[in-house]
Each structure stands twice: as C-alpha cells, then as structure tokens.
Amino acid sequence: MATCFSLPATRTSFMHFPSNPKSYKIHCSSLTSQSLSAKDNLLRLISDQERGLKTQSDPQKLSEIIKAIDDLAAIGRDTVTTDASLSATWRLLWTTEKEQLYIIKTAAPFFGTKAGDVLQVIDVEKGTLNNVITFPPDGVFFVRSTIDVASSQRVNFRFTSAVLRGKKWEFPLPPFGQGWFETVYLDDEIRVVKDIRQDYLVVERAPYTWKE
C-alpha cells in the first residue's frame, strides 16, 4: 500500500464473510505443483530487480511480473488471507510503490547509509500495521496505521503517524491517507498484494520480528 508523507528538504509526490463460510478454503501451507511453479516463476522474475528500482525503467519486465502475480492470484482466489496467518514481520522483495522506492533510493543522505530491510509489520488481532524502512545501524523511517479486515482477502487501513528516527534524534512527519489492500496469495514463505492504487507488493516472512 502507498505511504503518503512529506520528507524534509525533498519532494515526493470484524470480518464480513459470506453466510456460507465453507465456500472459502482456508489457506494451506502445503503447496501444489501448480502454485510452486507459479511462485518460482515470480521469484525468478523479481530476483534481480533491486526491490523494484530496476523495474521502473523496464516496461516489459513489469508486464511479465504482473502476469506472474496474476497467475498466483488465480491460484489463491478462494483462500482466506486475512486471518492470523497475515500477522507477521514481512520483508520487501519487490514493489511498484513509487513513494517507497523513492525513499529507498534517495533518503540515504539523512542517515549516511543505504536502506536496509523494508518491512510491513502486521498484527491482525491488534488491528495495527507498521510500514518500516531501515537504515542500518540506527536509522529508521516508519508509518503507523490502523487496519480492519473487510473480507477474506481485503484489509482497510488508515495512516495515523510517521517518524523519521536516527540514533539520537527523531523527527515526526504528518502522514495522510487511507485505503485498502488485498493479499491475493499467501503461504508459509511469501505474500503477494494488490492495493487501491493498483500497486503491487511481494514480501517474504522475515526471520525476525521488528519492534519500535
């Protein structure tokens, strides 16, 4: 999902299920050969795209990646992806979100280092989501949001606050905006997302839990 904010000295632009819940299949951790093949194809396509930075100037590659996402979305069409399995620290593999890519590419001078892990930290039970961009060893930019589950795959969100933080300083930023995102595919390793602005996101389960 897009994160709307302004950076200093820069310019950037419960649950409502159908009456017959049995009509939905709960996601399963065991992958079919079809989903494995589609998943491997997507991961292969994005493996050299620097989290989406290179894709911005390669329309053909973007088209191939979106086709691969649509293939996975078709496999995940009848699955529930907004239950407790959505709660995790998710690490960015690839995205089309211009704001996020802009920060990854240009915010390094604020911290004197390149961007590290880019994360989504989701807690469905608490109704929270943090979008996080790390700048090791001590820098971080994060946006807090509230979320609520709208359907088997859609989650609504509303930004509440943002912080640009260094080792000994902190600068609050006023985020604005709300919207929704749909997790169109989810398994034990990755998650694939489309959002209200037709942006795409591919993330993996991080091997650690991020906390403020």
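## A cavity and its lining

Trp 90, Arg 91, Leu 92, Gln 100, Val 118, Leu 119, Gln 120, Leu 201 and Val 203 line the second largest cavity. Here a cavity is a set of points, on a 1 Å grid over the protein atoms alone, where a 1.4 Å probe fits but cannot get out, and lining residues have an atom within 4 Å of a point.

This is a predicted model, in which local features need pLDDT of at least 70, side-chain atom pairs count only at pLDDT 80 or more, and totals for chains, interfaces and linings use all residues. Residues are numbered from 1 along each chain as its sequence is written, and side-chain values use heavy atoms, leaving out hydrogens and water.

The volume of this second largest cavity is about 40 Å³. Strands β3 (88-95), β4 (118-123) and β11 (200-205) each give at least two residues to its lining. Sorted by class, the lining has six nonpolar, two polar and one charged residues.

Now let's visit helix α2 (residues 59-75), where Lys 61 lies.

Setting aside neighbours within four places in sequence, Lys 61 is in contact with Leu 45, Gln 49 and Thr 55, where contact means heavy atoms within 4.5 Å.

## Glu 97, in a loop

Glu 97 sits in the loop between β3 and α3 (98-106). Glu 97 counts as buried because its relative accessible area is 2%.

Notes. Helices (H or I, at least four residues) and strands (E, at least two) are DSSP runs, numbered from the N terminus. On a 1 Å grid over the protein atoms alone, a cavity is a set of points where a 1.4 Å probe fits but cannot get out, and a pocket is an open set with protein on both sides within 12 Å along at least five of seven lines; lining residues have an atom within 4 Å of a point. Grid points are joined across faces, edges and corners, and a volume is the space filled by probe spheres set on the points. Ala, Val, Leu, Ile, Met, Phe, Trp, Tyr, Cys and Pro count as nonpolar, Asp, Glu, Lys and Arg as charged, and the others, Gly among them, as polar. Buried means under 20% relative accessible area, exposed over 50%, partly exposed in between (1.4 Å probe, protein chains only).
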